Amino acid sequence: MRPVYRTLRVLLLAAVAAGLLVVSSSAPHGQEASGIRGRVQIGIPIATRRPTTAYPTRSVPSARLAPESERRNVVVYLRNTQPQTVAPMRVAIRQRDESFTPRVVAVTVGSDVEFPNDDPIYHNVFSLSRVKNFNLGRYPRGETRRVRFDRPGVVKVFCEIHSHMSATVMVFDHPWFTVPNDAGAFELTGLPSGDRQVTAWHERLGDTTVNVRVELGRTVQTDFILPVPEP
Amino acid sequence: MRRPPRLVARTLAVTFVTVAIILSIVFIVLTVDARDRVRTSEVEKLRVAERVFTALEARRQQEQLASIATLAENPTLKAALDTYFTESRFTSPAADQESSLRGTVVLEAEKLAALTNANLLAILDSTGRVFVSTGPAAAGWPAGQVITIATGASTFQGVIALPGGAFRVSGAALRLQDRDIGSLAVGTSLDDRYARELSSLASAHVVIVVDGAVVASTLPDNVTADLAGDAPSLLAETRTLGGEEYASRLLIESGPAQIFTLASIDLAARAATRDALMALGSVALGAFVLAAIGSFWLARTLTDPIDTLVRNIEIMTAAHSPVNLLKPTGKSRELDMLAAAFNTLVQGLTAAEAETRAAYVGAIRALAAALDARDSYTAGHSDRVSALSVIIGRQMRLSDVDLEVLRLGALLHDIGKIGLNDEILGKRGALTAEEFEQIKRHPVVGARILRQVPFLEPHLPIVELHHESPDGRGYPFGLRGDAIPLAARIVHVADAYDAMTSARAYRPARDTSEACVELQRFAGTQFDPACVEALLQAIPPSALSSSGPPLHELLDRQLV
């Protein structure tokens, strides 16, 4: 029952958001390519705190870098599309400071994702996901291992040694996906015209989908506000 | 007639009663006091137990939380759970995938449950609903059940009442990076088994109350039944349940649950009373033994000298002689004074008795002398017969008492002749048969006269029977042989001897040797041969020779 319910809820939200979108869509900018541009905003402060665990951090000092913007952990993509032929990508998820960096990546089908270990300790990379079930084993600093993702879908990646580490790899069989920059701005270009569904997904804050009418030569402005309010 | 009790019985009774009263009072005071003390101590014991238990429990909870937090670091569990929720949110996961991920979670949860040995171990989703539950009590936590205390804090604990029973719950959040993907909760059923465990830890009864109702109890069933519906009253320090008084104390209060410890005051008081009774019993035994020994000794110090005195008095009475005066007991001044007073009394009495006796004897002698004086021929006869009888008696080794009886009896033997008139008494020539009959009545008359004087009772047989002969031809009764008392036989011989050796109006005095021959002739018929023999032996040989002084003079001399 839950998936049905969830779908209903998503559709309802989408309808509301679509109404807003129509009002707020701006005029075409005169570019030839049709696309969607917008911002992802996160409505609640998220502190990247280190989890209180039974295993306190041993050799790795607390985060010395400012936390990456949570907006970088959002993937905006076109939903319900026909599979396309896409070029593979090469992406790296580094293991640094007992974290996967970046935590969220989006790649095309057939891409390789490398997992270099930058920490002075052993790490492990494994996944239980349906799309790609793997275990790269444990390896030390400086070593890197890679995985090829051949099927579209979402893959959760974990470290068997450090149970709080997790990363998400989203694999698409089309090119219309993107990760916002630090400011939250994103742009999808070259979209096929027609009524499309655009989803913004965040690993914790949930996902929201809006309906967008894509017209040739127009760029539609749409903003996402996360988290998705609970019904 | 009832005899009064012995002194030792009296002293024993008095000391025993005293000891018993003292012990009874001590016992009553002890038992009343013991109950108060027990009540205080039971309440205090529960308080201490609660303090200790609270401290231990806080530590245990902390350790349990730490271990649960450790368990919550299980990477496989987290990965499976997160993958499951991510995928189920993203798309509807395929059935095989869902069951595979759920299976992984269940497997990990079961491993952890085996590690914790918990009644129940559950994995909750991020909204606090049960995703997977495992363990013996898992049925109480169906999937989807909201566990309200799973607050999302890194660790949590509390009590939750579910339709399947009440549980103590400790848990930790399952964290991934900076977000909660769910919780790990470990539940302990608040059931009888848990109550028993607590009970053995607190060494008191345990009652678990959830939402005002008793859910578990180690008390006997009837007591628990008495408690039903009135659980809040346990907040009082003491409470009467099932007819017994219990001390009670709130051990743990968490959410809807209250856990009380109870201890039976009556049970402890009974034990304390029994101990006191045992101690008192041994004291009582000792006290009674000591009292018995003491009073026995005390009584003996009194009764022993008294017994000695009594024995001495009995000896004196039997001997009829004040020769042995009572000696001082040396054990009691009062008894010594009593003995001295008794001695004085006895001495006085002895003197008085001697005086009385002397007076009697004097009077009797006067009487006898008066009788003898009626006839010049019989003058001094009674005195001589008396002296001769004593000589014979002494020869026959009679006792002093018998000799005294003999002496006085012989003195009075012819007193009956008072009743004879002077004609018959002083008649010269043969008596008529009638006159002789009168003469023969004198022993009976004498006895009748003397019977008036009780003091002379022992002498009566001599007076009455001194004319009886061994061959039965004597008078007045014609007794034979041994039927005649020895004293009477002696006096008979002495009387005959003196009569023969004295002059009479109708004949002169015979020679002593002649008299002896005469006596010997009639020994065995008229006279007792033993007495005759004794007389012959006793009379000094000089008396038998004609040259020596006559026996009369010897006897007279002896009487002086």
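In what sense do strands E6(B) and E7(B) of chain B pair, and over how many bridges? They pair in the antiparallel sense, over four bridges, with E7(B) covering residues 213-217. Keep in mind as you look around that this is a predicted model.

Most residues other than glycine have a negative phi. To find your way along the pairing, pick out Val207(B): its bridge partner in E7(B) is Ser217(B).

E6(B) also pairs with another strand. Six bridges join E6(B) to E10(B), residues 257-264, and the two run antiparallel. Here the pair to click on is His205(B), which stands opposite Leu262(B) of E10(B).

Now, is E6(B) buried or exposed? Six of the six residues in this strand, 205-210, are buried, so E6(B) is largely enclosed by the rest of the structure. In a regular strand the side chains alternate between the two faces of the sheet. In E6(B), one side carries His205(B), Val207(B) and Val209(B), the other carries Val206(B), Ile208(B) and Val210(B), and all of them are buried, which leaves both faces covered. For chain B as a whole, buried residues make up 35% of its 560 residues.

Step back and take in the rest of chain B. You'll find 18 helices and 10 strands in it. If you take the contacts between residues at least 6 apart in sequence, 56% join residues at least 24 apart.

Start with H14(B), residues 486-501, and H15(B), residues 512-522. Their axes come within 9 Å and cross at roughly 140 degrees. Angles over 145 degrees would count as roughly antiparallel, so H14(B) is oblique to H15(B). The crossing of H14(B) and H15(B) is right-handed. On the H14(B) side the contact is made by Val493(B), Ala496(B), Tyr497(B), Met500(B) and Thr501(B), and H15(B) brings Thr512(B), Ala515(B), Glu518(B) and Leu519(B). Sorted by class, the contact of these two helices has six nonpolar, two polar and one charged residues.

The other pair is H8(B), residues 381-395, and H16(B), residues 529-538. Their axes also come within 9 Å, with a crossing of roughly 100 degrees. H8(B) and H16(B) are therefore roughly perpendicular to each other. From H8(B), the contact uses Ile391(B), Ile392(B) and Gln395(B), while H16(B) supplies Cys531(B), Ala534(B), Leu535(B), Gln537(B) and Ala538(B). In this contact, six residues are nonpolar, two are polar and none is charged.

The peptide bond from Tyr475(B) to Pro476(B) is cis, with omega near 5 degrees. Most peptide bonds are trans.

Chain A has a cis bond too: it joins Thr101(A) and Pro102(A), with omega about -5 degrees. Pro102(A) is in the loop between strands E5 (99-101) and E6 (104-108) of chain A. Go back to the loop between E4 (94-96) and E5 of chain A, and you reach Asp97(A) and Glu98(A). Asp97(A) has a positive phi of about 55 degrees without being a glycine, and so does Glu98(A), again at about 55 degrees. Glu98(A) counts as buried because 21 C-beta neighbours lie inside 10 Å, and the cut-off is 20 or more.

Finally, find the open sheet of three strands in chain A, with the order E3-E7-E10 and mixed pairing. E3 (90-92) and E10 (144-149) of chain A stand at its edges with a single partner strand each, so one side of each has no neighbour in the sheet. On average, neighbouring strands of this sheet are turned by 25 degrees against each other, direction ignored. E7(A), residues 111-116, pairs with E10(A) in the antiparallel sense over six bridges. One bridge to look up is that of Pro116(A), whose partner in E10(A) is Thr144(A).

Terms used
Residues numbered from 1 in each chain as written. Chains lettered and ligands numbered in written order. Predicted model: local features only at pLDDT ≥ 70, side-chain atom pairs only at ≥ 80, totals over all residues. Buried ≥ 20, exposed ≤ 12 C-beta atoms within 10 Å, placed from the backbone. Pairing = 2+ DSSP bridges. Axes fitted to C-alpha atoms, helices over the stretch in contact; angles between N-to-C directions. Parallel < 35°, antiparallel > 145°, perpendicular 65-115°, else oblique. Left-handed = near helix turned anticlockwise from the far one by under 90°. Contact = placed C-beta atoms within 7 Å. Nonpolar A, V, L, I, M, F, W, Y, C, P; charged D, E, K, R; others polar.
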